[in-house]
Protein chains: 2
Amino acid sequence: MEPQVIPERSGTAFKLKKGQTLIVIDPKGEQVADLLAFNADDIDEVISSGRTFDYAERIYLSTGNKLYSNRSNVMLEIVEDMVGRHDFLLTPCSVDTFDHFYPDLPRHRGCFGNLAEALAPYGVTPAQIPTAFNCFMNVPIDGETGELKVLPPISKAGDHIALRAEMDLIIGLTACSAPDSNGGTFKPIHYRIEA
Amino acid sequence: MEPQVIPERSGTAFKLKKGQTLIVIDPKGEQVADLLAFNADDIDEVISSGRTFDYAERIYLSTGNKLYSNRSNVMLEIVEDMVGRHDFLLTPCSVDTFDHFYPDLPRHRGCFGNLAEALAPYGVTPAQIPTAFNCFMNVPIDGETGELKVLPPISKAGDHIALRAEMDLIIGLTACSAPDSNGGTFKPIHYRIEA
């Protein structure tokens, strides 16, 4: 399958079958893709940062780590990772994020609004959107103080992360809209599904 | 008001009006209380670790920090904190947590099951239970590797944290059921509401 293009500051949703692998590509480097996953047979089962951190016993996730649902089932496993730094702490940027962090910029519905629109045809409501797995987002933590910083991603042009589905899923995926998460520019995200 | 008692390995739910302060007390020391908050007028608005981390720009929260909802509204502000270490990364322990971490112990529904039962009369379903604000839970992070540990709380007998409601809330609160979070024993939690 040819790579699909998610244009800058937009999002999409699609089905990913158990056993298929989703490859999320940063075509230009230093861009972020917010990823959500719902059980295709029951959207009340959803990706959970809290369950994942608990079972992985770490907050930075990479190859071999599994992403769990709120019901403690494995939804995705990271099977390849050229970057090694992603974020699972922060919620998708929204119009409120822009009001808070970028009061001088034009408002934007952000990844949250993009995900809400893309997922609506699958019956997902905005209230069901949890913390996303933010591919390539670089949020280092100071372990002493707990302070976090949102720095430009360390991903280079063409880098990717590959995640294998462990159940039939509905995926939401964006090309992030927030200046700080990608070093101040907006770029597309590409993705590919392998059988 | 006299302190209310949450017996060991149980939970409760109650309304907290805007302007009231909830004081969560660790009567014996080294015990954890999982705290959830829902907008009393619309339970689709719920406490959000991801929003809170984003706006606080830190994952360890204490006096002066605000706990935000998924709609970016302030639900609670920490107005006093005798402990200074709480967790907002991990989901409430559940029967799955026991299967994963304590396969040799009798299964227990955990804080998740206790919260689900206590919140059901308010219309909250299990799928609506997010990552909790875990009062007194001691989960240090290694900022380099991202590794986390669940250590005994640093709270001493009688220590408390006080949170002022910034909207009318439904609160869920537990005395935690997981051995690791409280150093291997089970103890009650006390709480008080001040006008």
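1. Buried area is the accessible area, taken with a 1.4 Å probe, that two parts lose on being put together, summed over both. Between chain B and chain A that area is about 3000 Å², and carbon and sulfur atoms give 52% of the buried area.

2. This is a predicted model, in which local features need pLDDT of at least 70 and side-chain atom pairs count only at pLDDT 80 or more, while totals for chains, interfaces and linings use all residues. Residues are numbered from 1 along each chain as its sequence is written, chains are lettered from A in the order in which they are written, and side-chain values use heavy atoms, with hydrogens and water left out.

3. If contact is taken as heavy atoms within 4.5 Å, 35 residues of chain B touch 35 residues of chain A.

4. Across this interface the rule finds two salt bridges, each being a side-chain nitrogen of Lys or Arg within 4 Å of a carboxyl oxygen of Asp or Glu. One of them joins A:Arg58 to B:Glu147, with the closest N and O atoms 3.9 Å apart.

5. A rotation of 180° with 0.0 Å of shift along its axis superposes chain B on chain A, with an RMSD of 0.0 Å, by least squares on the C-alpha atoms of residues with pLDDT of at least 70 in both. That is the relation of a two-fold axis. In chain B, the C-alpha nearest the axis belongs to B:Gly143, 2.2 Å from it. The same surface serves both copies, since 100% of the contact residues of chain B recur in chain A.
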